[in-house]
Amino acid sequence: MRNFLVLFLLCPLLAACMGILEPKPELDLISRGFTESMRWSDFPAAAGYVDRDARDEFLVQFTEDEDLHIVDSTILSMDSLQEDQATLVYVLEYYRLPSGKINKWRWEQQWQLVLDGNGKTAAWLIKNEPPVLPWKK
């Protein structure tokens with residue numbers, strides 16, 4: 001009982017000495033936020049999931065386009081899961097007027113867990129630029 005009491009009293013002290021680190025966000029929840037933003041054509045919100053180095057190219061490709069209609073937005077697979085990086089296969093199903101044919105576009109995304117400047121909070125971000133969209137070629 002005495003050992004338990006000592007441990008109970010030391011836990012807050014040990015936590016304070018180690019510093020507080022925000023819990024690592026779960027990649028499946030984060031990637032779901034990206035897919036939902038894409039599904040509703042909220043490209044500025046989706047760009048928030050893309051690393052700064054790739055964000056400009058993402059926004060160049062995904063701008064407001066009245067002819068683009070997104071049907072579905074999904075993550076097909078999560079591969080090479082490591083503690084701070086992962087490869088996800090993303091698929092966008094769409095049609096673009098005047099055609100009504102549904103097309104698929106794939107992006108093999110390289111996600112990286114990035115710590116902020118103080119090293120206490122982390123966020124998953126897509127590190128690589130998207131491949132060129134078929135109608136932009």
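Reader: In which loop is Pro98 found?
Author: Please keep in mind that this is a predicted model. The peptide bond from Leu97 to Pro98 is cis, with omega near 15 degrees. As for its place in the chain, Pro98 is found in the loop between S2 and S3.

Reader: In what order do the elements of the protein run from the N terminus on?
Author: The protein has four helices and four strands. Read from the N terminus on, these elements run α-α-α-α-β-β-β-β.

Reader: How many bridges join S1 to S2?
Author: These two strands run antiparallel, and Met78 stands opposite Leu88 in S2. Their hairpin has five residues between the strands, and in this hairpin Ser80 takes a positive phi near 50 degrees. The number of bridges that join S1 to S2 is ten.

Reader: Which residue in S4 does Trp111 stand opposite?
Author: Strand S3, which covers residues 103–115, runs antiparallel to S4 and is joined to S4 by five bridges. In S4, the residue that Trp111 stands opposite is Ile126.

Reader: Is Ser31 buried or exposed?
Author: Ser31 has its place in helix H2, and its side chain reaches the backbone oxygen of Asp28 at 3.1 Å. Not counting residues up to four places away in sequence, Ser31 touches Ile75, Met78, Leu88 and Trp111. The relative accessible area of Ser31 is 2%, and a residue counts as buried under 20%, so the word for Ser31 is buried.

Reader: Which element gives the largest share of the largest nonpolar core?
Author: This core has 24 residues, and those with the most contacts inside it are Phe34, Met38, Phe58, Phe62, Trp105 and Trp107. The elements that give two or more residues to the core are H2, H3, H4, S1, S2, S3 and S4. One of the residues with the most contacts inside the core is Phe34, which, leaving aside its neighbours within four places in sequence, is in contact with residues including Tyr49, Phe58, Trp107 and Ile126. The largest share of the core, five residues, comes from S2.

Reader: How many residues apart in sequence are the parts that Lys127 and Asp51 tie together?
Author: Lys127 forms a salt bridge with Asp51, the closest N and O atoms being 3.6 Å apart. Lys127 lies in the segment after strand S4, whereas Asp51 lies in the loop between helix H3 and helix H4, so the pair ties together parts that are 76 residues apart.

Reader: How far apart are the closest N and O atoms of Arg96 and Asp65?
Author: A search of the whole structure finds two salt bridges, and Arg96 forms one with Asp65. This pair links distant parts of the chain, with Arg96 in strand S2 and Asp65 in the loop between H4 and strand S1, 31 residues apart. At 27% relative accessibility, Arg96 counts as partly exposed. The closest N and O atoms of the two residues are 3.0 Å apart.

Reader: What is the phi of Ser41?
Author: Ser41 has its place in the loop between H2 and H3. Its relative accessible area of 34% makes Ser41 partly exposed. Although Ser41 is not a glycine, its phi is positive, at about 55 degrees.

How values were computed: Residues are numbered from 1 along each chain as its sequence is written. This is a predicted model: local features need pLDDT of at least 70, side-chain atom pairs count only at pLDDT 80 or more; totals for chains, interfaces and linings use all residues. Side-chain values use heavy atoms; hydrogens and water are left out. A salt bridge is a side-chain nitrogen of Lys or Arg within 4 Å of a carboxyl oxygen of Asp or Glu. Buried means under 20% relative accessible area, exposed over 50%, partly exposed in between (1.4 Å probe, protein chains only). Two strands pair if DSSP finds at least two bridges between them. A polar contact is a pair of N or O atoms within 3.5 Å; within protein, one must be able to donate a hydrogen and the other to accept it, and residues adjacent in sequence count only if both atoms are side-chain atoms. Contact means heavy atoms within 4.5 Å. A nonpolar core is a set of buried Ala, Val, Leu, Ile, Met, Phe, Trp, Tyr and Cys residues joined through side-chain atoms within 4.5 Å.
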